[in-house]
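This report describes a two-chain model, with attention to where the chains meet. The sequence and structure come next.

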Amino acid sequence: MTATSLSSRSESPPSPGFFSRLGNNQAVLGILFILPSLIGFILFFGVPAIRSVFISFQDWNLLTDAEYVGLANYQNILELSFNPLASAEQNSNDVLPDDFDELLRVQIGDGGFVIGARDPRFYRALGTTVSYVLLNIPLQTLLALGIAILMEKAANSPLLRGVMILPWLMPNVIVAMLFIWLLDPTLGVINIFLQQIGIGQQGFFGSPDQALASIAGVNIWRHMGYTAILIFAGLKTIPKSLYEASRVDGANGLVQFLRITLPLLRPVLVFVFVTSIIGSFQIFDTVAVATEGGPAGSTRTIIYYIYEQVFERRINMGVATAASVVLFLILVTVTLIQIRTFQGNQSDLAEYS
Amino acid sequence: MKRRSLLVVLVVALLLIVTSVSAQEAVTIRYQLWDSNQLPAYQQCADVFMAANPGITVTVEQLGWDDYWTGITTGFISGEAPDVFTNHLAKYPEFVALEQLVDIQPLVERDGVATDIYYPGLADLWTREGARYGLPKDWDTIAVIYNVALFEAAGIDPAVMDEWTWNLEDGGTFQQVMAQLTIDTNGNNGLSPDFDPTSIAQYGFVPDGMGGAYGQTQWSALTASLGWTFNEGPWATSYNYDDPRFIQTVQWWADLNLVHGFAPSFEEVSSLGASTLFQAGNVAMTMNGSWMIGTFLGSEFDVGFGRLPSGPEGRFSMFNGLADSIWVGTQHLEESWSWVKFLASLECQSIVGASGVVFPAIPEAAAMSQQMRADAGVDVSAFVEQANQEGGTFLFPIADYAGEISTIMTEAMDAIALGTARAEDVIPDAAAEINDLF
C-alpha cells in the first residue's frame, strides 16, 4: 500500500504548483481552515451526540449490560394521559391510570379534567426552563443594548469595556458562591441593605417564588456586559454617513434608532439571541451550586433534571439521553424559527455597499 | 527497509519500558475520603501502614461531599475510581446494585478477621445476603448543640437537657426551653403572652433544614421516640412514611418556624446552613451529628453538647456508621485489602481516636476520642452516652433506590417547610411514589 502510493507519486510529473493549485481551490482551502475545529467537533460533539441517540433507546447504567427498550425512555418522560373528572370532589389519583401522576388539574364547574404524566417532573422542568429563558433573555438583551448605545455615545473607553466584561470572565461556580453569600436572608449584605431601607427580608435562593428569578438575575448580571460588547461591535459597523444623511432628511434620534440602528444591527442581534437563548435553555451551573434544583423543585431546569437522572439516581443514562434528545429538538426548532423570522443570514448593509 | 527497522527498535523500546514497569515492586493504592477534618489522622495511618509495608504506597485524597460522590460515580465509569474509599450507608446499596464493590467476605474468612470488635451492629450494616462490602471505620450519633452564653442570659441550667421531654401534643419541655430562649424585638420571650412571632431578635432553635428522606440530624430522633421506624429493617422494600406519627412530627418540625416563630424560616436556613447561622451567635440551640463537634468548637463563643429530648417511647438517636470499601476495578486487590484491614484495626482507629475528630468503630478507640476532648475541657458525653445506652440508637435506613427516595422526599419536605403544603396532603403521595419504586 505504502509502496504503491510512493511509486505513483514518483511517476506523476514534478508538481511545484501543487500547493498553489491547492491555494486556488476555494473549497479545499475552506475545509483545510476549518479542519482543526472540525476534528474537535466530530470527536467531542458529533460522536457523543450520535451515541446518546443510540443510548436513549436503551436501559443502561454505563456499568452493567445495556438492554434495548425501544421508545420506553421517551414514553417515560413524554407520555401524557387525559382524564375527565366526574365531579369536583373526585380525587385525582382515582381517575389517573397506574404509573401516572398528576401534572395539571383543571376544574370547570362540576367537572373538569386531570392531565397525568409518567414523570411530571420532566414537564415541570421544561416549564421551569421556559420561564427561566423568559426571565433571563429579554431583560438581559435590553440592558445590553442600552449599555452598548451608551458606550458608543458617551463613554467609549477600553477600561470601561474591560470592566463590562469582567463578570463574564468569572467562573460560574464562583459567581454563584458569591451570590449565595450576598443574597443570604440573614447574613447577606443585600438583605441587610434592603431591611435598612424598609423593604424587609427577602428569601431569594431560599424562596420558591424568588429562586428562579434570583438565578436569572445573577446570570443577567454576568452576561449583560459580554452581550453589550457584541452589540457594541455591531454598532461600530454601521456607517456614520447614514446618520448624517438621515439628519439632513430631518430624522430625530428615535427615528434613527428605529429605522437605521435596529435594522442594520439585525444580524448581530440574531447572533446574540440565538446564542444567548441556547445558553439560557442550558442553564445548569448556577442552579447546581446555589439551589440544587430546590426549594421544592422550583429551580429544577431541564439540564438539572438530566443531571439528576445520572448522578442523583441510579445512572439512568437512557432517560437522561432521551431528555437530552428532546431538548436538542426543541433548541433546533427555536433556533430555526429565529433565523427564519429575523433573516439572520442576510445583512441590509450588503445592499448598501 | 529503513521503516521496518525503526519499527523493530520502537517495539523493543516499548517492551523494555513495560518490563521495567512491571519489574518494579511498588504498588500505589489510591484512598479517598470526604471530610477534610479527618485527613491528617488518615494520612498518619497511611504513614504507619507504608512503614510496615514498604512495597505499598498509599495516596490519601480528599474531596468535598458533593464532588466526592460525583467523582466516585464518574470514576466507576471511566475506570479512574480510587482503589479504596470511604463509603456511606445512603450510597452503598446503589454501588452494590451497580456491581462496583468487592465482596470481602471470602477475604475476611480467609484471614480470620474479627468483625465483632466494633460497636454492635456496625459490621452487619455492610452485609447483604452473605456478602460483605466494607469494614467499619467510625460511627456517629446526634445531640443538641447549645450556645452557653445565651443559656446563662436566659437563666436556664443546661442540666435541663438531661431529663427534658418531647411529645406531639405540646412539644414537651423541649419546646418550652426553645420558647424561653426565643426573644422578639421587644424583648419578650416565647412564653410571654405579648410575644410577637413575626419579629424575632434571637431564635431558640435552628433546625438543620428539613431533613429530606432520613432526617438524620433533624426529626429522626423525635419520630423514633414515638416508636416509628423507617422500614422493617435493612433491605426492606417498603417505607412507613404514610404513618400518622411520621406525618405529624414532620408538621411539628415545620411549625417551629411557621406557627411558633421559635426557629428561623426554611429560606433563612437553606442557603448557608444551620451551623453557619448558629455560629453567627444569635441562635441558642441546634441539633447535629458528632462529626460536627470540631466545627462547632470552632465558634467564637462557648458551646456545649446536650442530650436529645426523650419522647413517649424513650430517647433515641440515629446511629450511622461509615466503612471502607474496595472498588471492583482495582488492579491491586490484595494490597487494597491489606489497607482496608489496617484501617479497620485498633492500630489505625487509635490514631483516628486520638485526633478526637470522630468516634472510631472500635469502642476502645472511641473512648480515646472522648478522652481527648475531655482533656481539652470539652464534654462530648451527650454523643457517647447515647451510643452506649442500651437500645438508645436505631440504624440508618438501608434500602435500594436511595437516590430516588431522597429526590421524592426532599421535594415534599421543602414544600412543608415553606408552608406551601401541609404534611398530611403531600406525604401520602410521596410515600406511595416511593413504595412504587420497588
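B:T407 is placed in helix α17 of chain B; helices are DSSP runs of H or I with at least four residues, strands are runs of E with at least two, and both are numbered from the N terminus. The model is predicted: local features need pLDDT of at least 70 and side-chain atom pairs count only at pLDDT 80 or more, while totals for chains, interfaces and linings use all residues. Residues are numbered from 1 along each chain as its sequence is written, chains are lettered from A and ligands numbered from 1 in the order in which they are written, and side-chain values use heavy atoms, with hydrogens and water left out.

With a relative accessible area of 8%, B:T407 is buried; buried means under 20% relative accessible area, exposed over 50%, and partly exposed in between (1.4 Å probe, protein chains only). Not counting residues up to four places away in sequence, B:T407 touches A:R300, A:E308, A:E312 and A:R313, where contact means heavy atoms within 4.5 Å.

Between the chains, 34 residues of chain A are in contact with 33 residues of chain B. The area buried between chain A and chain B is about 2,700 Å², and carbon and sulfur atoms give 61% of it. Buried area is the accessible area (1.4 Å probe) that two parts lose on being put together, summed over both. In chain A, the residues that lose the most area to chain B are A:L63, A:F311 and A:R314, together 24% of what that side buries.

## Salt bridges

A salt bridge is a side-chain nitrogen of Lys or Arg within 4 Å of a carboxyl oxygen of Asp or Glu. A:R121 is buried at 9% relative accessibility, and B:E411 is buried at 16%. A network of salt bridges links A:R121, A:R300, A:E308, B:E411 and B:E433.

| Salt bridge | N to O distance |
|---|---|
| A:R121 and B:E411 | 3.0 Å |
| B:R110 and B:E334 | 2.9 Å |
| B:E424 and B:R422 | 3.5 Å |

B:R110 is in helix α5 (residues 105-111) of chain B and B:E334 in helix α13 (residues 333-343) of chain B, so their pair ties together parts that are 224 residues apart in sequence. B:E334 is partly exposed, at 38% relative accessible area. Partly exposed also applies to B:E424, at 43%, and to B:R422, at 39%.

## Inside chain B

Helix α9 (residues 244-260) of chain B bends by about 50 degrees at B:A254; the bend is the angle between axes fitted to the seven residues ending there and the seven starting there. Among the buried residues of α9(B) are B:W252, B:W253 and B:A254. The elements against which the buried residues of α9(B) pack include β10 (283-289) and α17 (402-418) of chain B. After α9(B) comes B:G261, with a positive phi near 75 degrees.

B:L89 is in the loop between β3 (84-87) and α4 (92-97) of chain B and counts as buried at 1% relative accessibility. Leaving aside neighbours within four places in sequence, B:L89 is in contact with B:L125, B:W126, B:N320, B:G321, B:F396 and B:I398.
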